[in-house]
Amino acid sequence: MAGLLCGLQPATCVQRQPCTFFAPHLSSRLTTARLCSRLQGSILPHQRRASCSFKSVSSQLRRRQVQPCCAAAAAAPSQSMGATRAWLQDKGVSLTAIQSEKSKDGTLWASAATNINNDEVVLRIPGDLCATAADAAGEPTIGALVAGRGELTSLALWLIAERQKGDATPWAPLLASLPERVDTPLMWTEEQRKEWLKGSPVAQQSRDRERQLRAEWQQLYQAAADLPPAVYNEESFLAAMCVVLAHSVYLPSAECFAMVPALSGLRRSGSASAAVVDYDIPSESVTITASRTYRLGDEVAIYDGRPNGELCMATGVVQKNNPADYLTIEASLVAADRLYSVKKEILEGSGFTTPQEFPITVDGMPVQLLSYMRMARIQDSAEFAKVSFEKDIIITPSNEYEVLQLLLADCRDRFTAYGDNMEADVKALQRKDLSPPERLATQLRLEEKRIVAGTMDAVRRRLDPIRGIPTKSGALQDPNQDFLEMFQAIEGVPQLPGKLLGGFKRWASGEDDPDWGKKGKGKKGQSIRDMKRPW
């Protein structure tokens, strides 16, 4: 089933079919995500996925009809979040467990209004109050247009259509909880990306994805020639898609995306202890379940296992110290290597490709990255037997030295590409005149720099015990060997007079004579004592 935007989807959904216009990113992203799940320490927190029949759930959602909202709740989409809460309470939704908060910068978040136990359902929202691609398919204006399209594309067109209806839409309370637009790198100009995202891989990624979104619209436009261009146009589609990406949630048990009221006020977190959003089949409702114990006033965030780069492009938010955050580093084989074919076969047999992307985190790097690079530098085929992608096994000291130096040089180049250090970003974030997009980009670059710096520290720690340079024989020589020999010579100078006097005494007493003190025979069978002396 189509619907996932590759690279913008939750990390727990990487095996689902992506939207076609994000297909070029599929191979590397899926491979990296699957690899992360194999790494020690679980770089990407894993969320259990309930199994069920999607057809049964989706058919239930299609049969549901949205009930017209009351007059107070059917106000214009500009109504406050409080009106949405009132509408939910009027529909029988209990909101006593959480309460809305507002930070100094105007950001909405939710806190526990009471003590909440682990595995307790914090919020339960009836499924007929949530919008899915099935609702887009049932909308008369765009129903034929969304046929065969991805879920997120369908929801973006649905959002445009429902907003166009104004007060007449039964979805007004849900639309009231959504912003008019979300300022993400997908909406920035090329000049802004170059300036604000200098050195960040998000600059190129957002550029590519914007291009693909616009290409998707061109396909839609050809099939939507009869729709009013003032409403349905490329810019409105891009803006609607950014809102859907930022505020839709994936429901594992229903295997679909949904726009859920009240969730816009909850922040997203990469922590495995954040609350889990899913669809409960028996009650036919979307549930938010606590993954830990909450005390009164604790923030309630929903789990989103994406790294900061993906969060930035999808939601316009960057989480500080995101546990799910990572960057990727590429490793590959040298095509001119005489052992290239053998190495490629070994890699493919272990589930790797060439080139291969590996995740790096602020805490270090996976063993698989080192193993891949170690094998790539092997020149003696007999050393292939020592290669392991599960254990941290050094092939040879010289091989390890070369691999770590290459990795360190790569990290240095990436850090240099940012153009400044982390202190510059920290100072920039203290500026009150910094615009929201600039602040977002600065926060992203700072978190990325921490990952690169953390990887460099990990490489240096592994280099410290080696403290050597490769020689022609393949052994490692201490780079300070010349200094050590000089210091040893200097330290030995005070003992030279004593050594000279001791040597003279041994010579005078005959101790240096190899035959001294022996009772063996002389040249003619005489004892040494009986031999004729020359004087």
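Me: What is the mean pLDDT of the protein?
Reply: This is a predicted model, and its mean pLDDT is 78. Of its residues, 71% reach 70 or more.

Me: Where is the pLDDT below 50?
Reply: One such stretch is residues 1-35, which has 99 contacts in the model beyond near neighbours in sequence. Another is residues 520-535, with nine contacts counted that way.

Me: OK, helices. At what angle do α13 and α15 cross?
Reply: Roughly 155°, with the axes of α13 (residues 397-417) and α15 (residues 436-463) coming within 10 Å. The pair is therefore roughly antiparallel.

Me: Left-handed or right-handed crossing?
Reply: The crossing of α13 and α15 is left-handed.

Me: Which residues meet there?
Reply: From α13, they include Y401, L404, L408 and F415. On the α15 side, V452, M456, V459 and L463 are among them. By class, the contact has eleven nonpolar, two polar and five charged residues. R412 in α13 and R460 in α15 are also part of the contact.

Me: Now the sheet. What is the strand order?
Reply: The order is β3-β8-β7, in an open sheet of three strands with antiparallel pairing. The edge strands are β3 (121-126) and β7 (276-280), each pairing on one side only. Twist averages 25° from one strand to the next.

Me: How many bridges join β7 and β8?
Reply: Five, in the antiparallel sense, with β8 covering residues 285-289.

Me: And what stands opposite D280?
Reply: S285 in β8.

Technical notes:
Residues numbered from 1 in each chain as written. Predicted model: local features only at pLDDT ≥ 70, side-chain atom pairs only at ≥ 80, totals over all residues. Heavy atoms only, no water. Axes fitted to C-alpha atoms, helices over the stretch in contact; angles between N-to-C directions. Helix = DSSP H or I, 4+ residues; strand = E, 2+ residues; numbered from the N terminus. Parallel < 35°, antiparallel > 145°, perpendicular 65-115°, else oblique. Left-handed = near helix turned anticlockwise from the far one by under 90°. Contact = heavy atoms within 4.5 Å. Nonpolar A, V, L, I, M, F, W, Y, C, P; charged D, E, K, R; others polar. pLDDT = per-residue confidence, 0-100. Pairing = 2+ DSSP bridges.
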